[in-house]
Amino acid sequence: MRKTERFPVKEGPNALRQIYRTVSPWKGVRNFICIQAARYCPVLEWKNWIYRHLLHMEVGKDTAFGLMVMVDVFFPEKIKIGTNTVIGYNTTILAHEYLIREYRLGNVIIGDEVMIGANSTILPGVTIGDGAVVAAGSVVHTDVAAGTFVGGNPLRVLTRRSPEHTVELTNDEDLLH
């Protein structure tokens, strides 16, 4: 189960139609402009500066965001990413979800030296442990243990590794054995 806080909406239209009771529209517009600038920016340090200083995300040293990464527009401050992590092309990282009669908020914690494959979606309230690998196109709806290789939708564990069993591959033939 993801670690999200639930907020019921009892009256009126669905929770998304009531979003500006939750978050300022000006915050949404400002964040959207900053995120769009970061999505298209080819300079990794500039992206990290935008995320850290304008969106108030915690982003570790040497972390790299691929082109077109989309972080949460309304609650980017709930996202924490460790050092030397790679977030692949067109990945979405959400810290909120609006449903019909409730909305949910949850912190997203991505550890050190994590690899998130392209076109993945990280849902609110999940933690991805240090050294984990998320295959391209995955939907991360649950916590991922450190050193685990996961993938798919629904997400499943593909392999686990421990530091003493890590093997360095030297060429493509090693991948086949």
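Trainee: Where is the place of V140?

Mentor: V140 sits in strand β15. Keep in mind that this is a predicted model.

Trainee: Is V140 buried or exposed?

Mentor: The term buried applies under 20% relative accessible area. V140 has a relative accessible area of 0%, so it is buried.

Trainee: What does a search of the whole structure find in the way of salt bridges?

Mentor: The search finds seven of them. One of these joins D143 and K3, with 2.7 Å between the closest N and O atoms. D143 belongs to the loop between β15 (139-140) and β16 (148-151), and K3 to the segment before β1 (5-8), so this pair ties together parts that are 140 residues apart in sequence.

Trainee: How should I class D143 and K3 by accessibility?

Mentor: Values between the buried and exposed limits count as partly exposed. D143, with a relative accessible area of 37%, is partly exposed, and K3, at 46%, is partly exposed too.

Trainee: Which side chain meets R6 in a salt bridge?

Mentor: That of E102, at 3.1 Å from N to O. This pair also links distant parts of the chain: R6 is in strand β1 and E102 in strand β9 (residues 102-105), 96 residues apart. E102 is buried, with a relative accessible area of 12%.

Trainee: With which residue does E97 form a salt bridge?

Mentor: With R104, where the closest N and O atoms are 3.3 Å apart. E97 is buried, its relative accessible area being 14%. Through salt bridges that share partners, R2, R6, E97, E102 and R104 are joined into one network.

Trainee: Now the helices. At what angle do α1 and α2 pack?

Mentor: Helix α1 covers residues 25-40, and α2 covers residues 44-54. They pack at about 160°, with their axes 9 Å apart. An angle over 145 degrees counts as roughly antiparallel. The two helices are therefore roughly antiparallel to each other.

Trainee: Is the crossing of α1 and α2 left-handed or right-handed?

Mentor: Their crossing is left-handed.

Trainee: Which residues form the nonpolar patch on the surface?

Mentor: W26, V29, F32 and I33 do, with about 480 Å² of accessible area together. Take I33 as a case: this residue lies in helix α1. Its relative accessibility is 55%, so I33 counts as exposed.

Trainee: I would also like to check the backbone. Is the peptide bond from N153 to P154 cis or trans?

Mentor: That bond is cis, with omega near 10°. P154 is placed in the loop between β16 and β17 (156-160).

Trainee: What phi does H56 have?

Mentor: H56 has a positive phi of about 60°, although H56 is not a glycine. Its place is in the loop between α2 and β2 (58-59). H56 has 52% relative accessibility and therefore counts as exposed.

Trainee: And what phi does E113 have?

Mentor: E113 has a positive phi of about 55°, and E113 is not a glycine. This residue is in the loop between β10 (108-110) and β11 (115-116). At 51% relative accessibility, E113 counts as exposed.

Conventions:
Residues are numbered from 1 along each chain as its sequence is written. This is a predicted model: local features need pLDDT of at least 70, side-chain atom pairs count only at pLDDT 80 or more; totals for chains, interfaces and linings use all residues. Side-chain values use heavy atoms; hydrogens and water are left out. Patches are made of residues with over 30% relative accessible area and no salt bridge: like charges are joined within 9 Å, nonpolar side chains (Val, Leu, Ile, Met, Phe, Trp, Tyr) within 5 Å. Accessible areas come from the Shrake-Rupley method with a 1.4 Å probe; for residues, only the protein chains shown count as cover. A salt bridge is a side-chain nitrogen of Lys or Arg within 4 Å of a carboxyl oxygen of Asp or Glu. Helices (H or I, at least four residues) and strands (E, at least two) are DSSP runs, numbered from the N terminus. Buried means under 20% relative accessible area, exposed over 50%, partly exposed in between (1.4 Å probe, protein chains only). Axes are lines fitted to C-alpha atoms, for helices over the stretch in contact, and angles run from 0 to 180 degrees between N-to-C directions. Angles under 35 degrees count as roughly parallel, over 145 as roughly antiparallel, 65 to 115 as roughly perpendicular and the rest as oblique. A crossing is left-handed if the near helix is turned anticlockwise from the far one by less than a right angle, and right-handed if clockwise.
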